[in-house]
Amino acid sequence: MAYLMNSKDLLRKAQQERYAVPAFNIHNLETIQTVVEAAVELRSPVILAATPGTMDFAGRAYIQAIAETAAKLNDIPIVLHLDHHHTYESIEESLKLGTKSVMIDASQKNFEENISITKMVVETAHKYGATVEAELGKLVGQEDDLIIDDCDSAYTDPDLAVEFVERTGVDSLAVAIGTAHGLYKSEPKLDFERLTKIREKVSVPLVLHGASGVPKKDVQKCIELGCTKVNISTELKIPFSSGLREYLINHPEEMDPRKYMKHAKQEMKNVAIEKILMCGSAGKA
Ligand code: 13P
């Protein structure tokens, strides 16, 4: 595609054709290459999601440059997306670097404060030609260093969702319907009825966070009911880490990153392929 895109056309097309674009959390050069290779192989659009923790670890400018290179080298739609950014300043920093898709997550704040910061981000991001995702409701689990307990979780209210989208002008909305960040202790029970109500009332693309560990049939039901972006992080971290661990245990003398990283990448790629197939985005590039 040559350039990193915003999420608008990608998610609208997914909405019309009833599939979801996978948003894979990436952390460095190798993880970006892995998910892009999987997407290219299956001709799928792909969203590279970077949290503030990733930016601290790898560097905002490095992540931007690597993602831009991936977009230049491959003829599929690639989006670099800021995942769960909590401050206006951090988002503005990336907009200045050329990021075209951002998430402002002020879901920890009260409704009015969430609206006010989201609106501010939307106004600035749109000037840069970037699209904005925001979250209403609170997901259980851990994302970077933020941990939300069961007792602090809150599902998205369909009527408030309408008001939130109208007053902020967001381009897509992350909904809390029973998924959690990280793995589950028991099978998650998703509130499909709530998702249906939100879909009926809200026209912007809806985003499913916390898809790791959710049975494939449930993710696909969410897609059928209107989720057009599916966020997956933990389930890709696991094969990368276990691949690396396994390789080093079997080759205790190995000290060449080019060898052990290759194995870790392959293990992660296998799961990325499965997830693209689950989202129904193969062949949609
Ligand atoms: P998981 O780690 O549960 O896949 O969550 C990913 C996510 O929602 C990132 O925003």
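A pocket is an open set of grid points with protein on both sides within 12 Å along at least five of seven lines. Keep that idea in mind as we walk through this predicted model.

Let's begin with the second largest pocket, which has a volume of about 330 Å³. It is lined by 23 residues, and the closest to its centre are Q142, E143, D144, S233 and K237. Several elements give two or more residues to this lining, among them β3 (78-85), β11 (227-232) and α10 (234-250). The largest share, three residues, comes from α3. Sorted by class, the lining has four nonpolar, 15 polar and four charged residues.

Strands β6 and β9 also give two or more residues to the lining, and they are worth a visit. In a regular strand the side chains alternate between the two faces of the sheet. Strand β6 pairs with β9 (residues 180-181) in the parallel sense over two bridges. Within β9, A180 is the bridge partner of V140.

Now for two loops. R18 lies between α1 (8-17) and β1 (21-25), and R43 lies between α2 (29-42) and β2 (46-50). Neither is a glycine, yet R18 has a positive phi of about 60 degrees and R43 has one of about 55 degrees. How exposed is each one? R18 counts as exposed because its relative accessibility is 56%, and exposed means over 50%. R43, with a relative accessible area of 31%, is partly exposed.

Conventions. Residues are numbered from 1 along each chain as its sequence is written. This is a predicted model: local features need pLDDT of at least 70, side-chain atom pairs count only at pLDDT 80 or more; totals for chains, interfaces and linings use all residues. Side-chain values use heavy atoms; hydrogens and water are left out. Helices (H or I, at least four residues) and strands (E, at least two) are DSSP runs, numbered from the N terminus. Buried means under 20% relative accessible area, exposed over 50%, partly exposed in between (1.4 Å probe, protein chains only). Two strands pair if DSSP finds at least two bridges between them. On a 1 Å grid over the protein atoms alone, a cavity is a set of points where a 1.4 Å probe fits but cannot get out, and a pocket is an open set with protein on both sides within 12 Å along at least five of seven lines; lining residues have an atom within 4 Å of a point. Grid points are joined across faces, edges and corners, and a volume is the space filled by probe spheres set on the points. Ala, Val, Leu, Ile, Met, Phe, Trp, Tyr, Cys and Pro count as nonpolar, Asp, Glu, Lys and Arg as charged, and the others, Gly among them, as polar.
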